[in-house]
Amino acid sequence: FLSFVHMVCNSIGSQIVFASLEKETSIFQRLLGKIERKELESSGKRSIIAFSVIFSLNIAIGNVSLRHVSVNFNQVMRSLVPAITIGMGLCLG
């Protein structure tokens, strides 16, 4: 539920920023400069959908895993993922 609330707040905040960028005098316009929204191609839309599905599955599987292991163990394993990824990258070239 918390991830859902976080994503809704991000979506609302993004819409506010993009809506204010259309005004010449907005603070975001002065900070960020001229930013134009571009229409995504179909391959870009497919990529976003794929990342959204993977992100959702990651959250769902993480929640299901909490039934089988302790929260502490889960957090330790998740914090080790970047180190293991870097190690595998170095070993595999």
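Colleague: Where does H4 bend, and what follows within four residues?

Modeller: This is a predicted model, and in it H4 bends by about 35° at Val-81, with a proline, Pro-82, following within four residues.

Colleague: How do you know how the reach of helix H4 compares with the span expected at 1.5 Å a residue?

Modeller: Helix H4 takes in residues 71-92, which makes 22 residues, and from its first C-alpha to its last it reaches 31 Å, a value close to the expected 32 Å. After the helix comes Gly-93, which has a positive phi, near 90°.

Colleague: Why is Leu-21 called buried?

Modeller: The cut-off is again under 20%, and because the relative accessibility of Leu-21 is 7%, this residue counts as buried. Leu-21 lies in helix H1, which covers residues 2-21, and, not counting residues up to four places away in sequence, Leu-21 touches Ser-26, Phe-28, Gln-29, Gly-33 and Ile-35.

Colleague: How much of the chain counts as buried?

Modeller: Of its 93 residues, 8% count as buried, while the accessible surface of the chain comes to about 8300 Å², with 68% of it belonging to carbon and sulfur atoms.

Colleague: What pattern does the chain follow along the sequence, and why is the chain described as more spread out than a compact globule?

Modeller: The chain has 4 helices and 0 strands, and reading along the sequence gives the pattern α-α-α-α. For 93 residues the globule rule gives 12 Å, whereas the radius of gyration of the chain is 19 Å, well over that value, so the chain is more spread out than a compact globule. Taken along the principal axes, its C-alpha atoms fill a box of roughly 50 × 40 × 30 Å.

Colleague: Which elements of the chain have the lowest and the highest mean pLDDT?

Modeller: The lowest mean pLDDT among the elements, 76, belongs to helix H2, residues 27-32, and the highest, 92, belongs to H4. Over the chain the mean pLDDT is 87, and 100% of the residues reach 70 or more.

Methods:
Residues numbered from 1 in each chain as written. Predicted model: local features only at pLDDT ≥ 70, side-chain atom pairs only at ≥ 80, totals over all residues. Heavy atoms only, no water. Helix = DSSP H or I, 4+ residues; strand = E, 2+ residues; numbered from the N terminus. Expected span 1.5 Å × (residues − 1). Bend = angle between axes of the 7 residues up to and from the residue. Rg over C-alpha atoms; globule rule 2.2 N^0.38 Å. Buried < 20%, exposed > 50% of the residue type's maximum accessible area, 1.4 Å probe, protein only. Areas by Shrake-Rupley, 256 points an atom, 1.4 Å probe, with all protein chains shown as cover. pLDDT = per-residue confidence, 0-100. Contact = heavy atoms within 4.5 Å.
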